[in-house]
Amino acid sequence: MEVSLKDISKVSAGNSAPKKDEFSNEGTPFIRAGSLAFLTQGKSIDECEKVSENTATKKRLKLFMKGSILFAKSGMSSKMGRIYQLEEDAYVVSHLAIIDVDVSIANPSYIKYFFILRPPFFLIRDDAYPSIKLEDIKNIVLNL
């Protein structure tokens, strides 16, 4: 059965990063585009910067749920093909696309492997200014 990604998931982007002095030693992980380099190599999400609940509320950060799929949607990182599935809830930088799969329709791990086999950089329209539009991600057609 062919479906568009928008029919089985919510596709969005992350938040603006807090300032350097707004991070803390404890709290919820904040994932940047650069974090994907070590996260996709199996390193722990605990190595990411942390945001306190107070800072998250003040900055109006959106929390993304465990199981969501992440990849870079802008900048040179979008050409790397790094795909990561959240191991726990986290805040995510705006340069990353987040795919929150409706688990009643599809297995998020299936979507992760779809993107590993077909990295999203095929959606980049101008190689000189690499970026991927959320609308283009939503319109990806795949077989379930």
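I take a residue as buried under 20% relative accessible area, exposed over 50%, and partly exposed in between. Lys59, with a relative accessible area of 34%, is therefore partly exposed. I note at the start that this is a predicted model.

**Entry: salt bridges**

I looked up the salt bridges and found that the structure holds 5. Side chains of opposite charge can pair when their charged atoms come close. I went through several of these pairs one at a time.

I began with Glu22, which forms a salt bridge with Lys58; their closest N and O atoms are 3.6 Å apart. Glu22 sits in the loop between β2 (9-13) and β3, and Lys58 sits in helix α3 (residues 53-59), so I record this as a link between distant parts of the chain, 36 residues apart. Are the two partners buried or exposed? Glu22 has a relative accessible area of 13%, so I put it down as buried. Lys58 has a relative accessible area of 59%, so I put it down as exposed.

I then checked Lys59, which also forms a salt bridge with Glu22. Here the closest N and O atoms are 3.5 Å apart. This pair links distant parts of the chain as well, with Lys59 in helix α3 and Glu22 in the loop between β2 and β3, 37 residues apart. I wrote the group down as one network of salt bridges linking Glu22, Lys58 and Lys59.

Which residue forms a salt bridge with Lys79? I found Asp127, with the closest N and O atoms 3.1 Å apart. Lys79 lies in the loop between β5 and β6 (84-85), and Asp127 lies in the loop between α4 and α5 (134-138), so the pair ties together parts that are 48 residues apart in sequence. Lys79 has a relative accessible area of 29%, so I list it as partly exposed. Asp127 has a relative accessible area of 52%, so I list it as exposed.

**Entry: Arg60**

I looked at the backbone of Arg60, which has a positive phi of about 55 degrees although it is not a glycine. I placed Arg60 in the loop between α3 and β5. Its relative accessibility is 74%, so Arg60 counts as exposed.

**Entry: aromatic rings**

I searched for ring pairs and the count came to 3 aromatic pairs. In the pair Phe71 and Phe115, the ring centres are 5.1 Å apart and the planes stand at 45 degrees, so I call the pair tilted. Phe71 is in strand β5 (residues 69-72) and Phe115 is in helix α4 (residues 108-117); the pair links distant parts of the chain, 44 residues apart.

How far apart are the ring centres of Phe114 and Phe115, and how do their planes stand? I read 5.2 Å between the centres and 80 degrees between the planes, so this pair is edge-to-face.

I checked cover next. Phe71 is at 1% relative accessibility, so it counts as buried. Phe115 has a relative accessible area of 0%, so it is buried too. I have Phe114 down as buried along with Phe115. Ring pairs link Phe71, Phe114 and Phe115 into a cluster.

I also looked for a charge over a ring. Arg118 lies over the face of Phe122, at 3.8 Å from the ring centre.

**Entry: an open sheet**

I traced an open sheet of 3 strands, in the order β4-β3-β7, and noted that the pairing is mixed. Which strands are at the edges? They are β4 (49-51) and β7 (91-92), each pairing on one side only. I then followed β3 (residues 28-31) to β4: the two run antiparallel and 3 bridges join them. Pro29 has Lys50 in β4 as its bridge partner.

**Entry: a nonpolar surface patch**

I looked for nonpolar side chains on the surface and found a patch formed by Met1, Ile105, Tyr110 and Leu144. Together they have about 400 Å² of accessible area. I placed Met1 in the segment before β1 (2-4). Is Met1 buried or exposed? I have it as exposed, because its relative accessible area is 64%.

Terms used. Residues numbered from 1 in each chain as written. Predicted model: local features only at pLDDT ≥ 70, side-chain atom pairs only at ≥ 80, totals over all residues. Heavy atoms only, no water. Patch = residues over 30% accessible without salt bridge, like charges linked within 9 Å, V, L, I, M, F, W, Y side chains within 5 Å. Areas by Shrake-Rupley, 256 points an atom, 1.4 Å probe, with all protein chains shown as cover. Salt bridge = Lys/Arg side-chain N within 4 Å of Asp/Glu carboxyl O. Helix = DSSP H or I, 4+ residues; strand = E, 2+ residues; numbered from the N terminus. Buried < 20%, exposed > 50% of the residue type's maximum accessible area, 1.4 Å probe, protein only. Pairing = 2+ DSSP bridges. Phe/Tyr/Trp six-rings, centres within 6.5 Å; stacked < 30°, edge-to-face > 60°. Lys NZ or Arg CZ within 6 Å of the ring centre and 35° of its normal.
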